[in-house]
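Here are some notes for you to read beside the model.

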Amino acid sequence: MFVKKLTFAAVAFCFAFTGIAARAQEAGALLDLLVRKGIVSDQEAEEVRVELSKEAASTAAGKWKLSTPINEIELYGDARMRYEYRGGRTASNDPTNPNDWYERHRERYRVRIGLRGTLLDDWFFGLRLETSTSPRSTNVTFGDDSGVNGPFSKDSDRISVGQAYLGYKGFPDITLTAGRMPNPLVTTPLLWDDDINPEGLAQQWKHTFNVSFGGGGGAAESYSKEGYSKDGKGVVTTQAAAEPFKLKIDVFANFAQFVYDDTNPENPIGPARTTDTNGFTQRVPTTDAFLLAWQVGARFTFPNNIYFQLAPTLYNYTGTGDSFNTFFQGDSNSTNQTGINSLLVLDMPVEFGWKLWELPMRIFGDFAVNLEADDRAKAAGHPGSGGQRYAYEIGLGIGQLKAKSDWEIRGWWQHTEQYALDPNLVDSDIFDSRVNMQGVGVKAGYALADAIIFNLTWAYGWRSNGNFGTGGVGDIPINPLDQYQIFQADLNVKF
Amino acid sequence: MKIKYLAVSLALLATGLSSANADRLVIKGSDTLGAKLVPQLAEQFKAQHPGTTFDIAAEGSTTGIAAIIDGTAEIGMSSRRAKTSEVGAASAKGKHMKPTIVAFDGIAVIVNSANPIKGLTKKQVEQIFTGDVTDWSAVGGSGGKISIYTRNTSSGTYSDFKELAMKKRDYAGGSQKMAGNEQIAAEVGKNPNGVGYVGMAYTKAGGVKVMPIDGVMPSTSAVHAHSYPYARPTFYYTNGDPSGLAKEFLDFTIGPGGQKIVAQVGFVPIK
């Protein structure tokens, strides 16, 4: 009896100080070992197992039942409270209200909650629910309801599926994902709002080389099996086994085929659909719109926490879907702001980081050019303006937000031209989902606790080229948007 | 006065029912235990305890454990351990799931005696039963589509084999679920491409042969030495410490007389 109690105490110790998934395995293995050593009998071990099962069943975790194919599952999410000021000014030559500011003050919140995990046989999955129906925002504005149900209505407080994806990582170095997923590409807000979770297919490959200079004669070691991050966003590099090494090179390639817009139906009953939008009758294309991306890149990590990453990417579009079959013009609100015609964008996000007095610092930048800007400008009614094809940003970041009392500050300059980018993807805050804008942004953050971050963001921008509108659909109903300013104060809780 | 008579009558009736049930033992659960071993133990026990009757239902370990939770049997036979959820369910109903090991067993992988294959590795067993390989040629056989026979989902052997041999992966989609060990042995004996698993007590069926796993055959010595990979204990589950007839039968099972029968039937005695 004493042995049984001692065994129970020892195994219970394992239970108390290990994760719930590991507990049963470790306790079972420990009991098996004790039986083999003859310290406890089989019968005593079984009685301890029942007691442990009883203990486990009485805990909250023990009542949560997971199906057998699930290897690991993680509940995660965040919540944010925000105050935001956003204002835009009309142009000085506006015929009715020149130099007039349109301004909004909003108190907003967002909630994102998800489950992600790994399954048997190298499969993984993710599901995340988010507030808001917007693809580029998860914010809900307090009091922004119809009013039909009175104050504090729930009209705008909606939960949508933000992510729903399934993937496979059974091939060395390769991760395959399908569904509505975290963006698998290395990007910046210059091209992609980070709230967007694209839908479609993605293929990721990553391989790590560790190169040792000196002593070893420049030997290179290759690591083929990488871990997969459960958020599906990136491939996590395992720590190299070889020591010492001077240079680590992560080479990666990401490919994506996103379904941009579905056509319904592709083949309607009766004659094919036509449109007179351009002044003459023409058939409406009936193909789904796809956004295709090809990205190759590398991250070089040198000694002393110095790194450099480059991820050149090519984007192009096929088809038009139901909603993008009109050419982009972008000059005023009465013209098309969302067309995806003639976009073949070469993008070059780059980042260089180092530590100074143990303080992380980084220079980040992005340069993009639309190789079909001539056609896009011509279709917009501005032949000869294909030079408006460039977009870029460059900034400096100091600090990091990983634990309580950490801080970070970033500042950057951003410039986009009218025919450079897809206005449906660019960041919705800086500068209000628009192209043909330029200006500065600053973001500062402080970690009040490990999981609680306070952020302040400010940006100021103006029209990049006065000959064109500011294409895109944002929260400020002005086009051209002559000047723009935004201020946000955020309190974030992550779990 | 009438109420007093009624109370006395009810008391007498209850006493009568109680004494009528006193010599009847309800046992439910595992087919592995209940098809052969427990009936033989019951016969021997009855010979020593005239007037005792048994009600034995062998429909799978899950039913035996459920019977203890529901209080519909005194003994629940099980060839697997009670799951955490079952122990929790019992606690919620005020029951204490008490296991007693009554014998050990080795789950034997059997193939048709005409199959030329000489043995399997643990990896090959996993591949066969999960459907990773579907032809005997992939595991050293002479070719032919593998036919898999398994127990049904209420069987303890079904879940034990999944855990011990298949890393908890799912059975192959085309596997055929049988009600008991004897049915599996019979089907494998008839099918040259058949493969299945049975308790050690069922390996003597005609037309089948037992596969060594990584060179180890299921045997008493291998099970005791923990060298056979698919060895496991088998249990009687009771609600707390048994009493009365259930205790007598349990004591008989794990005593010298019972363990002799355990060995005769083909199980591995606990000592």
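How many residues does the contact take from chain B, and how many from chain A? Before the answer, some housekeeping. This is a predicted model, in which local features need pLDDT of at least 70, side-chain atom pairs count only at pLDDT 80 or more, and totals for chains, interfaces and linings use all residues. Residues are numbered from 1 along each chain as its sequence is written, with chains lettered from A and ligands numbered from 1 in the order in which they are written.

1. The contact between the chains. Chain B brings 15 residues and chain A brings 16 residues, where contact means C-beta atoms, placed from the backbone, within 7 Å. On the chain B side, helix H5 (84-92) and strand S4 (97-106) each supply at least two residues; helices (H or I, at least four residues) and strands (E, at least two) are DSSP runs, numbered from the N terminus. H5(B) gives the most, with five residues.

2. The axes of helix H3 (residues 42-58) of chain A and H5(B) come within 8 Å and cross at roughly 75°; axes are lines fitted to C-alpha atoms, for helices over the stretch in contact, with angles from 0 to 180 degrees between N-to-C directions. H3(A) is therefore roughly perpendicular to H5(B), a label covering 65 to 115 degrees. Among the residues making this contact are A:Val50 and A:Lys54 of H3(A) and B:Val87 and B:Ser91 of H5(B).

3. The sheet in chain B. Look next for an open sheet of five strands in the order S7-S6-S8-S5-S9, with mixed pairing; strands pair if DSSP finds at least two bridges between them. Its edge strands are S7 (176-178) and S9, each pairing on one side only. Neighbouring strands are turned by 30° against each other on average, direction ignored.

4. Strand S5 of chain B. Five of the five residues of S5(B) (residues 108-112) are buried, so this strand is largely enclosed by the rest of the structure. Buried means 20 or more other C-beta atoms within 10 Å of the residue's own, with C-beta atoms placed from the backbone. S5(B) pairs in the antiparallel sense with S8 (residues 194-198) over four bridges and with S9 (residues 208-210) over three bridges. B:Ile110 stands opposite B:Gly196 in S8(B) and opposite B:Val210 in S9(B).

5. The parallel pair. Strand S6 (residues 147-151) of chain B and S8(B) pair in the parallel sense over three bridges. Here B:Ser147 has B:Gly194 of S8(B) as its bridge partner.

Notes. A residue is buried if 20 or more other C-beta atoms lie within 10 Å of its own, exposed if 12 or fewer, and partly exposed in between; C-beta atoms are placed from the backbone. Two residues are in contact if their C-beta atoms, placed from the backbone, lie within 7 Å. Angles under 35 degrees count as roughly parallel, over 145 as roughly antiparallel, 65 to 115 as roughly perpendicular and the rest as oblique.
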